[in-house]
Structure formats: structure tokens, C-alpha cells
Amino acid sequence: MPVTDVHHDLDNLTLTITAQFAAPVERVWQIYADPRQLEKVWGPPTYPATVVDHDLTPGGRVTYYMTGPTGDRHAGYWLVTAVDEPNSLTFEDGFADLDFTPNPAMPVSRNVYTFTGYEGGTRATYTGVYESADALKKVLEMGIVEGSTLAINQIDTLLS
Amino acid sequence: MNEEDAERVDALFHALADRTRRDILRRVLAGEHSVSALAANYEMSFAAVQKHVAVLERAGLLTKRRSGREQLASGDVEAVRSVTAMLAGLEQIWRGRITRIDALLEADLSPEE
């Protein structure tokens, strides 16, 4: 298993996952730098991602949508805030309308990805910070589409 | 994070990491179910389903009570909505991505098909 460490910071609503990949830092960076590779890893097979805009420079945007089994589409964007190729990438990840206009009603998470050479491969550290418990809940509601999380929005439907 | 929190996160993650347990949880969040009624939904033994229910119970996601000969299980909505559970859910999404990155990098090493 590539995941070597997971840290949940309950007070700061922060998730940090460290993984070890058997490839050089430059190769791991390529996955993020190449939209065709990024879309292969971003969405699960049941909700494949399609990357549309891909500007991996500070102030640039990466936009994507995920397509579900019934053709339903869910769009999101990254607003890139810092890039230190091939070592780190900082961006805000948010939800958007299908024309990629950011949806201000939806939360934005702050993400820092770092890649360092380690034991002949790459140690990748992924950190995401959420602004509130409610923000986290909304992210998970969207994450449900990936079929891997609890149907938290179903709970709301059931309780209403 | 103190030791107790760390153990809670581990228990939650373990509980949520299994598809059958997520399905059981989805059902018991919708309303109380007897363990035997739950077991009828799966192609596995009653004992196996009982074990899944016990894992969810230990993680605090489900509570059980006895009614005659029946064991009734219901989901704990507050626990599912806790920050701990939500971070565990998010962790699953990220782990999926990491697994796919690993597979993509491994494909580099295989000859072209």
C-alpha cells in the first residue's frame, strides 16, 4: 500500500495523507502537469473525471467535471495559488456550475501537495484544510458520487 | 490528536472501509432494522453480517437493543455527521486517488500492450 501515514486534525479540520510512490518526483509531478493523466487519477472508474482547462501556474485554473453512470455531471475547479515544479503545488479546490463558474454557496478547501525524493522514489504529502464542519459535510456530499463515502445527504432527506 | 481520538479514528475508518458495512449503515440510518432482516440482504452468513454490525457498533456508528429474541440495530446520525467520521470519509476518497496514481505509475514499468 502506498499510503504510509494519515493524520486527522479534528480541531483544524485538516486531513494529511502521506504516500510513497515508486517513481521519481518528476514523474509524479507529470501526473498533475498533464491533464490526460490527472483525469485518470482524479475520479474513480464509476465517476471518471474530464479535465477541461489546465493552467498550472499561480492564478491559473484547472477545471474538471465528473460524469456519473446516468450521465450526471459534477463540475469543480482548482484555483492554483503557488507552484514550485516539481516539488509542490498549492491550490483551492471548489465546486462550480457546469460552465465552470465557481459556486459561491459551496465550500472551498485549501490544498497543499508536496513531493520529495525518498528512498529512490517519491514521498507525497497531501494536505487539505476545510473551513468548517459544514464545509466538510458538503464536500462529502459531493464525494458520495464517487460511491466511496456515506450518503450523508441521504440522511438529511430521511430526516426531513 | 490524543490517543483516544486516534483510536476512534482508526475504529471509524475500519468500519467505513468495507462496502457491506457502508450498506448496512445506510439501511440502519434510514430506520431500525433487526439483524436478521439485515442479513437477508446479503449473500453471506448471518454470523458474518452480525460481525459487520458489531464493527459498526464498536465504531459508535450504530446502536443495538434487544426486543424479545431479536436484536434491533439503528444508525447514530450524530456519529456519522461527526468531524471524525467525515474526515474518515474524505480519507477514503483520497486513498482512492492515491491507489490510482500508484497504478498509473506502475503501468509505466509494464511493456506496451
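Predicted model: local features only at pLDDT ≥ 70, side-chain atom pairs only at ≥ 80, totals over all residues.
## Ground rules and chain A overview

A residue counts as buried under 20% relative accessible area, exposed over 50% and partly exposed in between, using a 1.4 Å probe and protein chains only.

Residues are numbered from 1 along each chain as its sequence is written, chains are lettered from A and ligands numbered from 1 in the order in which they are written, and side-chain values use heavy atoms, with hydrogens and water left out.

Chain A has 4 helices and 8 strands, taken as DSSP runs numbered from the N terminus (helices are H or I, at least four residues; strands are E, at least two). Reading from the N terminus, the order is β-β-α-α-β-β-β-β-β-β-α-α. Of the chain A contacts (heavy atoms within 4.5 Å) with a separation of 6 or more, 37% are between residues 24 or more positions apart.

## Aromatic rings in chain A

Rings of Phe, Tyr and Trp (its six-membered ring) pair if their centres lie within 6.5 Å; planes under 30 degrees apart are stacked, over 60 edge-to-face and the rest tilted. This rule gives 10 aromatic pairs over all chains. One of them joins A:Trp42 and A:Tyr64 edge-to-face, at 5.7 Å centre to centre with 65 degrees between the planes. That pair links distant parts of the chain, with A:Trp42 in helix H2 (residues 35-42) and A:Tyr64 in strand S4 (residues 61-67), 22 residues apart. A:Trp42 is buried at 3% relative accessible area, and A:Tyr64 is buried at 8%.

A:Trp42 also pairs edge-to-face with A:Trp78, at 5.2 Å centre to centre and 70 degrees between the planes. Because A:Trp42 lies in helix H2 of chain A and A:Trp78 in strand S5 (residues 73-84) of chain A, this pair ties together parts 36 residues apart in sequence. A:Trp78 is buried too, with a relative accessible area of 0%. These residues belong to one aromatic cluster, whose members include A:Trp29, A:Trp42, A:Tyr64, A:Trp78 and A:Phe91.

## Charges over rings

Here a charge sits over a ring if NZ of Lys or CZ of Arg is within 6 Å of the ring centre and within 35 degrees of the ring normal. A:Trp42 turns up again: the charged end of B:Arg97 sits over its ring, 3.5 Å from the centre. Within chain A, the charged end of A:Arg123 sits over the ring of A:Tyr118, 3.9 Å from its centre.

## The chain B sheet and its helices

In chain B, 3 strands form an open antiparallel sheet in the order S1-S3-S2, where strands pair if DSSP finds at least two bridges between them. The edge strands, each pairing on one side only, are S1 (33-34) and S2 (62-67) of chain B. S2(B) pairs with S3(B) (residues 70-75) over 6 antiparallel bridges, and B:Arg65 has B:Leu72 as its bridge partner in S3(B).

Helix H2 (residues 19-30) of chain B lies across S1, S2 and S3, at about 90 degrees to S3(B). Axes are lines fitted to C-alpha atoms, for helices over the stretch in contact, with angles from 0 to 180 degrees between N-to-C directions. Helix H4 (residues 46-58) of chain B lies across S2 and S3, at about 120 degrees to S2(B).
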